[in-house]
Amino acid sequence: MGTRHNNFAPVLRLIAAVLSLSATASAIGVNYGTLGNNLPTPATVAKFLKTKTIIESVKLFNADPDILRAFAGSGLKVTVTIPNGLIPSLTKDDEARGWINDHIAPFYPKTKINRVLVGNEIMATLDDNLISNLVPAMKAVHRALVKAGIDDVQVTTAHAMGILKVSEPPSAGQFWPGHDVAVYAPMLQFLRETDAPFMVNPYSYFGYSPKMANYIADYALFRPNRGVHDSHTNITYYNMFDAMMDAVYSAIKAMGYADVDIVVAETGWPSAGDPNQPACTVDNAISFNGNLLKAVTSGKGTPLMPNRKFETYIFSLFNENLKPGQSNERNWGLFRPDFSAVYDVGILKNKQSRPAPRPAPVAGKKSWCVPKASASDQALQANINYVCSQKGMDCRPIQAGGPCFGPNNVRSHASFVMNSFYRLNGARPFNCDFAGTGVVANSDPSHGSCKYM
């Protein structure tokens, strides 16, 4: 019997895809990281998300069996991630089947696993072995799922914005030459055939710089601005997120795969940082994430993808105290480990909309944050400027006439405000880092009428 040719199949598939994209549900998810030693149990997290928030899905950076077990029966969708280092071995069918049998089959379908990501931001690793094996591994993992009788779990991977050689203007979006044919063409064909999305991490935060003009800061934060014009399309963009999404779409369209859906795998904004990170504030996090959620759920879409909603995963669920790097790395969370909101932009079902009160310092926990002896006056003045610019901080005590004005020098004033910041943020050691200029002390630096928290 000869092969049957259906000349209408590609057309029907394209029409179905377009209809599907126009009606895509605007599911709001969250990235659930676990780099903390004070995080709640997975079972408590699952119950909290289900009963207290509008979050419908979580994305994990691993396949933690405790989390998968805890989310069983919750109805929440769960995306799991295969570690980058396993990719070369998973190109072999028996290895892929073994991974699925060990990490997916024992939990599915009680836990509503909806996707398996084969690695995270592989192209950014610049590791040729990982890059060349990425698509073969994706295909092998998909075959393993089918072999296990699991036919409704998508296989894809998540990409950093560095996959684009050209992103400005958005209409000229282009993958890096070489990777476009060798990696993205077969990947996009696989995603089309399996009805899986292209997942991307469009962080406006990393496109922001305090040295930029003010309107660019507003452009990154969804605030009113004069816009950035794309002369190729005569479109003016009024936020960086739309521009990045359209740049990705343009690159995919140029490859002939405009019908492949795009999902936002990660994006967000840190709510706190070091003194040299002035963009990391609660107000900025509220502005970005609040306007982001409105944008992706509105159905308006982007200039090149109109009338669309985008499945979007906010980064991240919790502030994670063991993440390395500067303070902002530990302050991306919507919630603290005790489930109090760092801020809320409509995630909580009670529609709380402003920053939640910070927890009071624990009674009897006697520690203070003071400047290191080696800290320069210039660095300490920067600390004062940073702390006093933060919403909710009261710097009147160090002003003329205040109880902590004397002695009138930078070190004394910095000591008071650094400690105030440390205590109001939960007296955690990383909140006394101040780019290496602060240290936690056990003796009370209060003096005279100047009383430290």
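Colleague: Which residue's side chain meets that of Arg308 in a salt bridge?
Modeller: Heads-up: this is a predicted model, where local features need pLDDT of at least 70, side-chain atom pairs count only at pLDDT 80 or more, and totals for chains, interfaces and linings use all residues. Residues are numbered from 1 along each chain as its sequence is written, and side-chain values use heavy atoms, leaving out hydrogens and water. A salt bridge here is a side-chain nitrogen of Lys or Arg within 4 Å of a carboxyl oxygen of Asp or Glu. At 3.2 Å from N to O, the partner of Arg308 is Asp261.

Colleague: How many residues apart are Arg308 and Asp261?
Modeller: Helices (H or I, at least four residues) and strands (E, at least two) are DSSP runs, numbered from the N terminus. Arg308 is in the loop between α9 and β12, while Asp261 is in the loop between α8 (240-254) and β11. The pair links distant parts of the chain, and the gap is 47 residues.

Colleague: Is Arg308 buried or exposed?
Modeller: Let's check the cut-offs: buried means under 20% relative accessible area, exposed over 50%, and partly exposed in between (1.4 Å probe, protein chains only). Arg308 has 6% relative accessibility, so this residue counts as buried.

Colleague: How many salt bridges does the count come to?
Modeller: Side chains of opposite charge can pair when their charged atoms come close. Applying the salt-bridge rule, the count comes to eight.

Colleague: Which helix holds Arg143, the residue that forms a salt bridge with Asp93?
Modeller: The closest N and O atoms of Arg143 and Asp93 are 2.8 Å apart. Asp93 lies in helix α4 (residues 93-103) and its partner in another listed helix, so the pair ties together parts that are 50 residues apart in sequence. Arg143 lies in helix α5 (residues 128-147).

Colleague: What is the relative accessible area of Arg115?
Modeller: Arg115 is in another salt bridge, where its side chain meets that of Glu311 (2.8 Å, N to O). Glu311 is in the loop between α9 and β12 (312-314) and Arg115 in strand β4 (residues 112-120), 196 residues apart. Glu311 is buried at 12%. Arg115 is buried too, with a relative accessible area of 5%.

Colleague: Which residues have the most contacts inside the largest nonpolar core?
Modeller: A nonpolar core is a set of buried Ala, Val, Leu, Ile, Met, Phe, Trp, Tyr and Cys residues joined through side-chain atoms within 4.5 Å. In soluble globular proteins, nonpolar side chains tend to be buried together. The largest core here has 107 residues, and those with the most contacts inside it are Phe71, Val141 and Phe198.

Colleague: How many aromatic pairs does the structure hold?
Modeller: Rings of Phe, Tyr and Trp (its six-membered ring) pair if their centres lie within 6.5 Å; planes under 30 degrees apart are stacked, over 60 edge-to-face, and the rest tilted. With that rule, the number of aromatic pairs is 22.

Colleague: What kind of pair do the rings of Phe48 and Phe335 make?
Modeller: Their centres are 5.0 Å apart and their planes sit at 85°, so the pair of Phe48 and Phe335 is edge-to-face.  Phe48 lies in helix α2 (residues 42-52) and Phe335 in the loop between β12 and β13, so parts 287 residues apart in sequence get tied together. Phe335 is buried, with a relative accessible area of 1%. So, by the angle of the planes, the answer is edge-to-face.

Colleague: What is the relative accessible area of Ser271?
Modeller: Ser271 is found in the loop between β11 (262-267) and α9 (282-297). Leaving aside neighbours within four places in sequence, its contacts (heavy atoms within 4.5 Å) include Cys280, Asn331 and Tyr343. Ser271 is buried, and the value is 5%.
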